[in-house]
Amino acid sequence: MTISRWIWRRLIGELHRRGQERRESGAFLLGVRQGPRASVRDFCCYDELDPSALDDGYVTLHSRGLKALWAQCRARQLDVVADVHTHPGPDTRQSTLDRRHPMVPVDGHIALIVPNFAHTTRWRLDGVGVHEYLENGWRSHVTPQDLLRLSWWP
């Protein structure tokens, strides 16, 4: 999956702002798939889809939010290529809730976890947890570059 530096910076800024350094926030990465590759074109924050998604301090997306997501994808002719959410500290391993409740339970879906409520990762991928959903469970990647690359295109 490829994401431009400009979109990444905007995304991290939005996650940090929406979480206010006191609660998790998240977004779906929207883009275009070409075989096994995907290019991120934009993102949609969870609380834009479901205004109550961040109310509990952690992400809870209700069915109305998913319905709004699929409507946006159809209207913009984009696919969900990954999801991303923040964690409060430096740990980017999946929580029990993350593992048990994938946002998109489809083989090959990517879930990113950004540490420290997105406070310290604006310009880099270092420290971002990259987790791939597979039919028989999750596979976590040692370095983000295994599946995620920043590019210079806008």
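This is a dialogue about reading some features of one predicted model.

Reader: Which helices and strands does the protein chain have, and how do the elements run from the N terminus?

Author: The secondary structure of the protein chain comes to 4 helices and 8 strands in this predicted model. Starting at the N terminus, the order is β-α-β-β-α-α-β-α-β-β-β-β.

Reader: What does the radius of gyration say about the protein chain?

Author: The idea is to set the value beside that of a compact globule with the same number of residues. For 154 residues, such a globule would have a radius of gyration near 15 Å. The protein chain has 14 Å, so the value agrees with a compact globule. A box of roughly 35 × 35 × 35 Å, taken along the principal axes, is filled by the C-alpha atoms.

Reader: How much of the protein chain is buried?

Author: A residue counts as buried when its relative accessible area is under 20%. Of the 154 residues in the protein chain, 49% are buried. The accessible surface comes to about 8300 Å², and carbon and sulfur atoms hold 50% of that surface.

Reader: What share of contacts joins residues at least 24 apart in sequence?

Author: Take the contacts between residues at least 6 apart in sequence; 64% of them join residues at least 24 apart.

Reader: How far apart are the mean positions of the positive and negative charges?

Author: The protein chain has 21 positive and 18 negative charges, and their mean positions are 4 Å apart.

Reader: How do strands β6 and β7 run, and how many bridges join them?

Author: Strand β6 covers residues 129-134 and strand β7 covers residues 137-141. The two run antiparallel and are joined by 5 bridges. They form a hairpin, with 2 residues between them.

Reader: Is Ile113 buried or exposed, and which strand holds it?

Author: In a regular strand, side chains alternate between the two faces of the sheet. Ile113 lies in strand β5, residues 110-114. Its relative accessible area is 1%, so Ile113 is buried.

Reader: Which residues does Ile113 touch?

Author: Leaving aside residues up to four places away in sequence, the residues that Ile113 touches include His85, His87, Thr92, Asp98, Val128 and His131. Ile113 and Gly19 are 94 residues apart in sequence, and their C-alpha atoms are 14 Å apart in space.

Reader: Where does the other glycine, Gly89, sit?

Author: Gly89 is found in the loop between β4 and α4. With 22% relative accessibility, Gly89 counts as partly exposed. Not counting residues up to four places away in sequence, Gly89 touches Pro115 and Asn116. Gly89 and Gly65 are 24 residues apart along the chain, with 26 Å between their C-alpha atoms.

Reader: Where are Gln77 and Phe117 placed, and is each buried or exposed?

Author: Gln77 is in the loop between α3 (63-76) and β4 (79-86). Its relative accessibility is 71%, so Gln77 counts as exposed. Phe117 is in the loop between β5 and β6. Phe117 has a relative accessible area of 11% and is therefore buried.

Terms used:
Residues numbered from 1 in each chain as written. Predicted model: local features only at pLDDT ≥ 70, side-chain atom pairs only at ≥ 80, totals over all residues. Heavy atoms only, no water. Buried < 20%, exposed > 50% of the residue type's maximum accessible area, 1.4 Å probe, protein only. Contact = heavy atoms within 4.5 Å. Pairing = 2+ DSSP bridges. Rg over C-alpha atoms; globule rule 2.2 N^0.38 Å. Areas by Shrake-Rupley, 256 points an atom, 1.4 Å probe, with all protein chains shown as cover. Lys, Arg positive; Asp, Glu negative; His and termini not counted. Charge placed at Lys NZ, Arg CZ, Asp CG, Glu CD.
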